[in-house]
Structures are given as structure tokens and as C-alpha cells.
Amino acid sequence: MTDTQSRPVTSADIEAALALGPNGPEISSRVPFPMRDWQHVPAERYHSREFFDLENEKLWPKVWQMAAREEEIPQPGDFVEYEIVGQSLLIVRQTDGSVKALNNVCRHRATELGRGCGRFPGNQIVCPFHGWRWKTDGSISHVFGREGFAEESVQPEDLRLREARCETWGGHVWINLDENAPPLLEALFPAANILQRSGVQRMRAKWWKEAIINCNWKLAQEAFFEGWHVKQTHPQLYTYDDEPDSEFNLQNVDYTPFVNGHGRFQSGDAAESYGGKPDFLQAARLNWSGQDAMTLERDIHVFEGVAGGMDTRDPKYVKRAMDALFEYWEGAGIPAPDRTAEVLKMWGGDIHLFPNYLMLPMYANSLAYRVRPHGDDPNWCRFEVWSLTTYPEGHDPGRLELSGRYDKDDADHWGLIPRQDFANLERMQRGIRNRSLKQTTLSDKWEVTIANMHQELDRRLAAG
Ligand code: FES
Ligand SMILES: [Fe+2]
């Protein structure tokens, strides 16, 4: 465990991002359409070519990115391609179990060496054009037609596949195209440290899907930075018995910006009795059937098993359901998250890891999102969704592959909850290009993590 991982997150860490305040003029002057305060985001940041090109030059080549789930490449020789704004890398499992990220280009005449995912037989990467070969560690092992090349142009060091920085954390492989980048866990602090408590590092994917959406990558992911759109966007999840104090649901959620552009929202400390009571079991069933990620069928079985005539709005029932869940995990050999207030508060909220990855841990599960630009167009993104869970000790869920790319409206492949969210995204992108709108308006309580993400983005874009 590294120092960064073991270092506890303090309230000073949490205050640090807010204390930064808006970026000063020296940063604003170097960025087009800069953030000027915490309450507004200039609209052009979501659609202008100039801003998009600057992200491609200053952000993506220098930031740590979630490039793969480890279970995509369980065996030596397994590879998966990761593509970001026209740069392709092969994420390859090594014979010693470690992972390397190799630039996906033949050193002879530039052919891409791998596409999608697969396995390099015999741990040899073979170029499909003339058959030059590399070991999976990137070292050249065979130059077909070598006798026809000048000796100085086929030196092994020149022909070695170029590596990108590559580290693992939390069951994910992360890459960085900048060889001078700080270590991964320094960059992910404190988001990774917090997620670690909920046990995300023990989770494996149950499924993985993607949609191509007509929306800027930032606008798309920001739709998941807050929970107060639930009442309007997902009315079926709003199972309160009676209209709670209108402020309650807003006030009882904490939104926290962190350093490095990360952020979190989670339950606050207000008493349950402050507002109306939600129907815990009904909400859990709708979360499972509408999404199949944060709540799974096995959780519903546990919750139903202890309902027996109880009022499922009663906090006594909720306590009993939680007791049953922890008992079930123990009986099934499923390593449980810590039963601390800190962990329980995270369930139902989310953690954003700058720039483009989100985890929403709940119980022994997590929903996860990764959002990237799609093609060379600021108006489109590639939106991926994972359902992660903790399997019983010793159970191998097998190699993970993308189950498919599905239309955002495809009710056979997307649950009601993501379809409701996706429907907003394209409407937002059309709206953001309406010339009457110069900027979006943010709550400085409930949307502060959006501003924090943009402030960090400006620091990156302004850097030399
Ligand atoms: S282009 Fe790869 S071996 Fe010729
Ligand atoms: Fe939503």
C-alpha cells in the first residue's frame, strides 16, 4: 500500500478545493471561455471547436485515465485497445501478471497492431502487414526481411513498441500519455482513498455496455454529479409517502468538491423524520429493475426475505434489511464493506474521478460510468456503463467483454433509469448551442462539484 492510499482523508483535504476559489486572471487569460466564478459555466465550453481542440492538446495527453477493467485481460497475452482522441494503446497482460500500455503502431510502416480485444498467441504481437513480431513486453523479437534494411535502422531499441505510463488501482488499469505525470494515486487523491473504504477494489464487472450520445462528454457526465434531478427525471424512484418538507431532500445531501478536480455527493446527517418517509423496499426494487447495477436481484431477495408483514417505510425495517444483508454476505463468503457511517452514507451517492470516470457504490455493488469524446466532434460522446459487484471469495466471473453498443432508447438493453438520463443529455446539447444562452447557472450548494471539475480543467488547459 502506498502512502497516498493509506493516508486518511481529513476535513482539511475536503476544504482544500473550496479554498482554492475561482481561478485567478493568470489562468483565465490563457483559456478560451474560462470559468470566472463557481456559479456559471460558459456554454462554449461544451461545443466550441477551439475549446475541444485545447482539451485534446492539454488534457487528454496528460491526465490519468481509466483505460480498462483488470478482468478484461485476465491471462498473459490478453489485450484490450484503449482509444482516446485518435491515440490508440494496447493494454496487455504480461507473463508476470503485470500490465503494460503499448502504443498501438508498428515501428515499420505504422500499421495498427491490435483492434478491440483479444489474445496474442504465444505472447507474440504480430504485425498483420509484413509480419514483424514483438514480445508482449514491447521488445522486438523478429524483423522479417531484416537483410534488406540498413543495420542502423533496425536497432532493437528503435523498434521497441513505445510504452505509456500504466498503473492499476481499484480493479482498473489506468494510463497516462505523459511520462512526467505524477504517480496515479497522487492524482486520484482523495477520491480513490474514499472509494477504497466501500470495497470497490474487490468488485468485478457483471456487465458492461455503451451508447454513443449526441452530447459533449462533460455535459453528459455532469448529469450524474447530483441527485436532485431524481424527482423530475426519475419520478418512479420518488417513493415518499407524502410530500416531504420541500427543502429536505436537497438539504440532506452533501456535495463536496475535492482537490485534483474530484468530487462527491452523499447522504447528509439530517434525521430521517425530518421529511416524508420513502418506501425502502419499493425503491430498491425499482432501482434493481430500472438499472441492475447499484441494487441487484440478490439484494432484493435478502430485503424481501425479512419484510414479512413489516411496514417497509419504517426505519426499523431498513435496519433489519441492512442486518440481513451483512449476514447474507458473511454466509455467502462475500467480503463485505466496512459497516461504518462513512461507508453507509456513500450508498446512493457518487464519486467523480477527474476527468471522466464516476463510481456509485452501493451495498457490495457499484455502478460506474466513463465518458469520452467520440470522433473529432465536441457534440458527441462515448458513454460506457459498468455494473460491478463483489463475488463470493474464490468465484471467477471469467473474462469481461463489452456486451455491446446500444441505442440510447433501446429498452431491451438499457433499463428505465439510464434511458431517462440519456433522454436529457441530447436535449441539453441542443440547448447549450442556443445563442440566447451564454452560460449555465449552477447552485453553489448542489452543483459545486461541476464548477470544481471545470476549475481543474482550466488549470490543466492553462498549463504550459
Ligand atoms: S507495417 Fe508492420 S511489419 Fe510492415
Ligand atoms: Fe439520473
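The legends below describe a predicted model in a series of views, from the whole chain to single strand pairs. Residues are numbered from 1 along each chain as its sequence is written, and chains are lettered from A and ligands numbered from 1 in the order in which they are written. Because the model is predicted, local features need pLDDT of at least 70 and side-chain atom pairs count only at pLDDT 80 or more, whereas totals for chains, interfaces and linings use all residues.

Figure 1. Helices (H or I, at least four residues) and strands (E, at least two) are DSSP runs, numbered from the N terminus. The C-alpha atoms fill a box of roughly 80 × 55 × 45 Å, taken along the principal axes. For 464 residues a compact globule would have a radius of gyration near 23 Å, and the chain, at 23 Å, agrees with this; the radius is taken over C-alpha atoms, and the globule rule is 2.2 Å times the number of residues to the power 0.38. Buried residues make up 38% of the chain, where buried means that 20 or more other C-beta atoms, placed from the backbone, lie within 10 Å of the residue's own.

**Figure 2. Domain 1 (65-185) and domain 2 (196-462).** These bounds come from an automatic or database domain assignment. The C-alpha centres of the two domains lie 34 Å apart, and 10 residues of domain 1 are in contact with 14 residues of domain 2, contact being defined as C-beta atoms, placed from the backbone, within 7 Å. On the side of domain 1 that touches domain 2, the residues divide into five nonpolar, two polar and three charged; here Ala, Val, Leu, Ile, Met, Phe, Trp, Tyr, Cys and Pro count as nonpolar, Asp, Glu, Lys and Arg as charged, and the others, Gly among them, as polar.

**Figure 3. The open sheet of seven strands, in the order β2-β11-β10-β5-β4-β3-β6.** The pairing in this sheet is antiparallel, and two strands are said to pair if DSSP finds at least two bridges between them. Because β2 (65-69) and β6 (117-119) stand at the edges with a single partner strand each, one side of each is left without a neighbour in the sheet. Within the sheet, β10 (residues 163-169) runs antiparallel to β11 (residues 172-176) and is joined to that strand by five bridges, with Arg165 standing opposite Asn176 in β11.

**Figure 4. The open sheet of eight strands, in the order β13-β14-β15-β16-β17-β18-β12-β19.** Pairing in this sheet is mixed, and the edge strands, β13 (253-257) and β19 (404-405), each pair on one side only. Strand β12 (residues 204-213) pairs with β19 in the parallel sense over two bridges, and Arg405 in β19 is the bridge partner of Glu210.

**Figure 5. Strand β15 (residues 350-353), with both faces covered.** In a regular strand the side chains alternate between the two faces of the sheet. In β15, Asp350 and His352 lie on one side and Ile351 and Leu353 on the other, and all are buried. Three bridges join β14 (residues 263-267) to β15 in an antiparallel arrangement, in which Arg264 stands opposite Ile351. Three bridges also pair β15 with β16 (residues 357-362) in the antiparallel sense, Tyr357 in β16 being the bridge partner of Leu353, and a hairpin joins β15 to β16 through three residues.

Terms used. Buried ≥ 20, exposed ≤ 12 C-beta atoms within 10 Å, placed from the backbone. Contact = placed C-beta atoms within 7 Å.
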